[in-house]
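Visitor: I am new to protein structures. Could you show me how to read one, step by step?

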Amino acid sequence: MSHENLFEGMKGRVDEMVLQAMMKVNRELFVPNACKSLAYADMPLPIGHGQTISAPHMVAIMVQLLDLREGMKVLDIGAGSGYHAAVMAQLVGSTGYIYSVEIIPELVKMAGENLKAAGIENVTVVQGDGSLGLPEYAPYDRINVAASAPEVPKPLMDQLAKGGKMAVPVGSYYQELVLVTKEDGSTTQRLMAVAFVPLVGRFGHEG
Ligand code: SAH
């Protein structure tokens with residue numbers, strides 16, 4: 001399996017812009033040494049501390065849902081390896097920015113190192129409880145959550161800009177990927193069944 005093979009099946013199914021962004025990010029740089037040989041398989045992989053890097057098709061689905069544009073400010077919850085943030089960073093470009101929050105200190109360090117090795121400069125990884133969002137830089141044009149919440153965390157809703165979109169898996173054993181669009185009110189679309197690690201923290205499964 002090579003980097004090119006991985007994207008063969010996505011051609012024609014995933015937006016060209018999203019595909020281009022994913023092709024620019026070498027997933028091998030975000031996968032631990034023990035599973036480098038599987039870096040281009042379309043499956044989640046362990047990254048330590050009981051966490052996983054999402055499967056590429058899931059990153060493609062979520063990134064496409066968010067409809068990212070140049071210059072957008074994005075909040076990413078659950079940096080993990082930093083891969084998902086790296087793909088989003090391509091789409092917002094040098095005028096955009098990604099703030100990626102991770103609760104496990106070792107993964108904060110790892111994500112930072114991976115992003116540096118990949119030469120990505122428009123992402124900052126912040127340690128903290130992402131279920132509380134990151135009020136310092138709010139509001140955000142887009143919010144991406146890569147861990148499953150019991151319900152859409154209120155602080156994230158509050159920190160989403162008007163006209164903004166948020167992709168968030170909701171549930172515990174049975175989870176659904178939810179797309180929230182915030183207008184005067186907000187609309188919530190339940191899209192598909194998914195399997196993410198749990199969001200912990202105050203508005204997560206431990207709160
Ligand atoms: N987006 C990642 C994969 C995320 S796995 C990637 O591309 O590799 C989900 C991550 O969410 C894990 O690293 C986990 O530690 C983190 N997490 C869980 N609850 C969290 C919380 N409340 N705040 C921040 N990060 C959280």
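This is a predicted model: local features need pLDDT of at least 70, side-chain atom pairs count only at pLDDT 80 or more; totals for chains, interfaces and linings use all residues.

Visitor: What distance separates an oxygen atom of the ligand from the side chain of Ser-81?

Guide: For polar contacts, look for pairs of N or O atoms within 3.5 Å. An N or O atom in the Ser-81 side chain is 2.6 Å from a ligand oxygen. Glu-102 also uses its side chain: one of its polar atoms lies 2.6 Å from an oxygen atom of the ligand. With Val-200, the backbone takes part. One of its backbone N or O atoms is 2.7 Å from a nitrogen atom of the ligand.

Visitor: How much of the ligand's accessible area does the protein cover?

Guide: On its own, the ligand has 580 Å² of accessible area. The protein covers 99% of that.

Visitor: Where does the ligand sit, in terms of pockets?

Guide: First, the general idea. Rolling a probe the size of a water molecule over the atoms shows where empty space is left. In this model, the ligand takes up the space of the largest pocket. That pocket has a volume of about 560 Å³. It is lined by 36 residues, and closest to its centre are Gln-51, Thr-52, Ala-146, Ala-147 and Val-197. Strand 2, helix 3 (56-66), helix 4 and strand 4 each supply at least two lining residues. By class, the lining has 22 nonpolar, 12 polar and two charged residues.

Visitor: Now the backbone. Which residues does a cis peptide bond join?

Guide: Read the omega angle. Between Ala-138 and Pro-139 omega is about 0°, and the peptide bond is cis. Pro-139 belongs to the loop between strand 5 (123-127) and strand 6 (140-145).

Visitor: And what is the phi of His-49, positive or negative?

Guide: Positive, at about 60°, although His-49 is not a glycine. To find His-49, go to the loop between strand 1 (45-48) and strand 2.

Conventions. Residues are numbered from 1 along each chain as its sequence is written. Side-chain values use heavy atoms; hydrogens and water are left out. A polar contact is a pair of N or O atoms within 3.5 Å; within protein, one must be able to donate a hydrogen and the other to accept it, and residues adjacent in sequence count only if both atoms are side-chain atoms. Accessible areas come from the Shrake-Rupley method with a 1.4 Å probe; for residues, only the protein chains shown count as cover. On a 1 Å grid over the protein atoms alone, a cavity is a set of points where a 1.4 Å probe fits but cannot get out, and a pocket is an open set with protein on both sides within 12 Å along at least five of seven lines; lining residues have an atom within 4 Å of a point. A molecule sits in a cavity or pocket if more than half of its atoms lie within 2 Å of its grid points. Grid points are joined across faces, edges and corners, and a volume is the space filled by probe spheres set on the points. Helices (H or I, at least four residues) and strands (E, at least two) are DSSP runs, numbered from the N terminus. Ala, Val, Leu, Ile, Met, Phe, Trp, Tyr, Cys and Pro count as nonpolar, Asp, Glu, Lys and Arg as charged, and the others, Gly among them, as polar.
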